[in-house]
Amino acid sequence: MSKKEQGIYYTPSVLAEYMASPLIYLNEQTVLDPAYGEGALLLAAEKIFKAKNLGNSIHLYGCDTKPINGLLNHLPEANLHKSDFFSYPVERKFHTILMNPPYVRHHIQNEKKINKYRATYDELKVLNNSSDLWALFLVKAVSHLKEDGSIGAILPWAFLQADYSQPLRRFLSENFGIIEVVALSDKYFDDADERIVIVWLKQFGRRSISINIAAPTSIRAKIEFSKISLDRWLADRVSYTAGYAPDLIISEYISKYGFTKFSDHADVKIGVVTGAVDYFILTKKEANEFGIPAHRLVPIITNSIEFPKYLINGNSDLRLLVALKRDDHFKFRDFIQLGISKEYNLRSHSVLRDPWYSVNLGKVPDAFFHYRISKIPYLVPNLNGVQCTNAFHRIYFKNLTSIERKWIYVSILSLPAQLSIELNSKTYGRGILKIEPKSLKNTIVLKKKDDKIIRPYNTIIKLLAENKKDEAMIFATQFVCNELGIDAALKNSSCNIVETLRKLRRPNRD
Ligand SMILES: C[S@@+](CC[C@H](N)C(=O)[O-])C[C@H]1O[C@@H](n2cnc3c(N)ncnc32)[C@H](O)[C@@H]1O
């Protein structure tokens with residue numbers, strides 16, 4: 001495994017001091033780094049202890065499978081353990097634990113080792129099997145704390161939004177009186193693109209009474225924490241919302257203005273799964289060359305840049321999905337032989353089909369919705385009965401009239417809906433919003449019977465066809481807010497939250 005795969009990144013000293021500083025305040029203090037590497041965090045603790053004139057009773061301890069000794073030669077040899085942290089005796093307890101654990105992904109972890117860790121430490125049962133290594137480190141670290149002790153940890157952004165982090169966050173709120181999280185957007189580790197959060201866990205042994213989150217522009221900026229509710233802390237995704245209580249705002253849209261969940265009005269299904277887009281999806285010319293007739297070809301959307309054009313031209317420019325039937329074996333030999341020669345028939349999705357070349361199309365959807373997007377997600381009506389790949393969601397309305405659907409198309413672009421999407425979706429890489437079906441189902445929309453929606457709907461479709469998404473969102477928001485008489489303060493708060501969330505997920509852009 002490469003250094004990167006093993007999660008070996010040493011913490012720069014400015015970040016180490018930033019993280020250690022609030023936790024170094026006792027005159028007599030024992031500090032452990034369970035994966036100390038070169039010792040950056042221990043050295044930071046030592047420096048701060050001296051700078052704060054706390055005396056000379058700081059005791060530093062480290063454990064690492066592959067330590068780089070040199071900077072810690074002044075420590076008693078017995079304090080540094082060259083071993084796996086999961087073999088480090090739990091009887092050893094400390095006032096403070098500072099950690100930047102390895103971020104090894106669960107799918108490249110050594111399964112045997114992980115199973116052994118899990119069998120040895122009961123505490124690890126709070127985590128599910130898809131947890132990355134850093135989460136196991138954190139839970140094991142907790143068992144090394146003295147009563148009232150604290151942990152400072154540098155963790156990946158996944159702490160805030162991975163599915164496996166939710167039970168971990170619950171465990172922490174059951175064991176620490178104060179939790180503070182600083183979400184950072186800057187890059188602190190050379191060649192590591194991962195965004196990080198600093199987590200301070202204080203008052204071990206109490207149930208959480210205060211959970212705070214901040215998102216300063218950098219570690220030089222003042223930290224301004226906002227308190228978040230336990231419900232938000234335990235949600236699928238924890239987000240920094242600049243001090244606003246987004247759940248109350250969403251409830252107000254529902255109770256006072258009649259917004260309802262998208263799932264009340266539509267089913268959400270993933271797009272067509274081919275397992276081999278390059279093979280099954282052809283241009284018109286390629287389809288002709290294989291002699292595949294129109295009744296075996298289905299126009300399909302594969303990329304969101306096709307949406308604006310689709311809204312103008314219908315399906316004329318789309319690529320075509322080859323949808324063969326069982327006995328087509330005799331008719332389209334060349335095409336099928338080509339697939340076999342390239343081993344597309346052996347791909348994981350192909351082997352589940354019978355015959356492998358007959359892609360399961362499912363029903364034609366009423367609309368499409370983005371799965372991953374960097375800016376504004378919206379609902380695209382399926383004007384010409386086409387399909388989409390699994391890069392999108394397929395939407396099937398539940399017995400809505402054409403007017404009611406138009407309300408949904410418009411309102412999903414308006415601020416309340418966009419707020420709920422931003423809040424419930426995950427950010428992915430640098431700036432991409434990943435809207436899982438669950439998040440789309442929880443999006444709030446407006447369904448009405450009033451036909452005054454026809455004009456705004458036409459305007460929105462026109463703006464989207466011109467790829468003017470910002471204008472479409474502004475227009476939809478104005479229409480919805482005027483129509484419902486939405487309170488200005490509520491609108492402002494929603495706007496601030498959406499802007500904060502978008503800025504945070506797309507740092508250094510816009
Ligand atoms: C991200 S580096 C951080 C090092 C140090 N804490 C710092 O902040 O600079 C992670 C360290 O974890 C160590 N490591 C990986 N797996 C370990 C394990 N099972 N037990 C102890 N240390 C481990 C690696 O050798 C590496 O030094």
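1. Helix H1 (residues 13–20) and H2 have axes that come within 8 Å of each other and cross at roughly 60°. That angle makes H1 oblique to H2, and the crossing is right-handed. It should be kept in mind throughout that the model is a predicted one.

2. On the H1 side, this contact is made by Ser13, Ala16, Glu17 and Ala20. On the H2 side, the residues are Ala40, Leu41, Ala44, Ala45, Lys47 and Ile48. Sorted by class, the contact of H1 with H2 has 7 nonpolar, 1 polar and 2 charged residues.

3. The loop between helix H2 (40–51) and strand S2 (57–64) contains Asn53. Most residues other than glycine have a negative phi. Asn53 is not a glycine, yet its phi is positive, near 55°. The reader may wish to look at this residue in the model.

4. With strand S7 (residues 196–204), S6 runs antiparallel and is joined by 7 bridges. Within this pair, Val182 stands opposite Ile198 in S7. With strand S8 (residues 210–214), S6 runs parallel and is joined by 5 bridges. Here Ile179 has Ile211 in S8 as its bridge partner. As background, strands of a sheet pair through backbone hydrogen bonds, either parallel or antiparallel.

5. How is the protein divided into domains? Domain 1 covers 13–240, while domain 2 is made of 266–273 + 361–505. The C-alpha centres of domain 1 and domain 2 lie 39 Å apart. The contact takes 8 residues from domain 1 and 7 residues from domain 2. The side of domain 1 that touches domain 2 has 3 nonpolar, 3 polar and 2 charged residues.

6. Helix H8 (residues 246–257) and helix H19 (residues 488–505) form a further helix pair, with axes that come within 11 Å and cross at roughly 130°. H8 is therefore oblique to H19, and H8 passes H19 in a left-handed crossing. H8 contributes Pro246, Ile249 and Glu252 to the contact, and H19 contributes Leu490, Ser493, Ser494 and Ile497. These residues divide into 4 nonpolar, 2 polar and 1 charged.

7. An open sheet with mixed pairing is formed by 4 strands in the order S12-S14-S13-S18. Its edge strands are strand S12 (281–282) and strand S18 (387–388), each of which pairs on one side only. S12 pairs with strand S14 (residues 319–322) in the antiparallel sense over 2 bridges. The bridge partner of Leu282 in S14 is Leu320.

8. Pro355 is found in the loop between helix H13 (348–351) and strand S15 (367–370). For context, most peptide bonds are trans.

9. A second open sheet to examine has 3 strands in the order S16-S21-S20, with antiparallel pairing. Strand S16 (372–373) and strand S20 (426–428) are its edge strands, and each pairs on one side only. S20 runs antiparallel to strand S21 (residues 432–434), with 3 bridges joining them. Tyr428 has Ile432 in S21 as its bridge partner.

10. The axes of helix H14 (residues 402–411) and helix H17 (residues 454–465) come within 9 Å and cross at roughly 50°. H14 is therefore oblique to H17, and the crossing of these helices is left-handed. Which residues of H14 and H17 meet? Lys406, Tyr409 and Val410 in H14 meet Ile454, Pro456, Tyr457 and Ile460 in H17. The contact of H14 with H17 holds 6 nonpolar residues, no polar residues and 1 charged residue.

Methods. Residues are numbered from 1 along each chain as its sequence is written. This is a predicted model: local features need pLDDT of at least 70, side-chain atom pairs count only at pLDDT 80 or more; totals for chains, interfaces and linings use all residues. Axes are lines fitted to C-alpha atoms, for helices over the stretch in contact, and angles run from 0 to 180 degrees between N-to-C directions. Angles under 35 degrees count as roughly parallel, over 145 as roughly antiparallel, 65 to 115 as roughly perpendicular and the rest as oblique. A crossing is left-handed if the near helix is turned anticlockwise from the far one by less than a right angle, and right-handed if clockwise. Two residues are in contact if their C-beta atoms, placed from the backbone, lie within 7 Å. Ala, Val, Leu, Ile, Met, Phe, Trp, Tyr, Cys and Pro count as nonpolar, Asp, Glu, Lys and Arg as charged, and the others, Gly among them, as polar. Two strands pair if DSSP finds at least two bridges between them. Domain bounds come from an automatic or database domain assignment.
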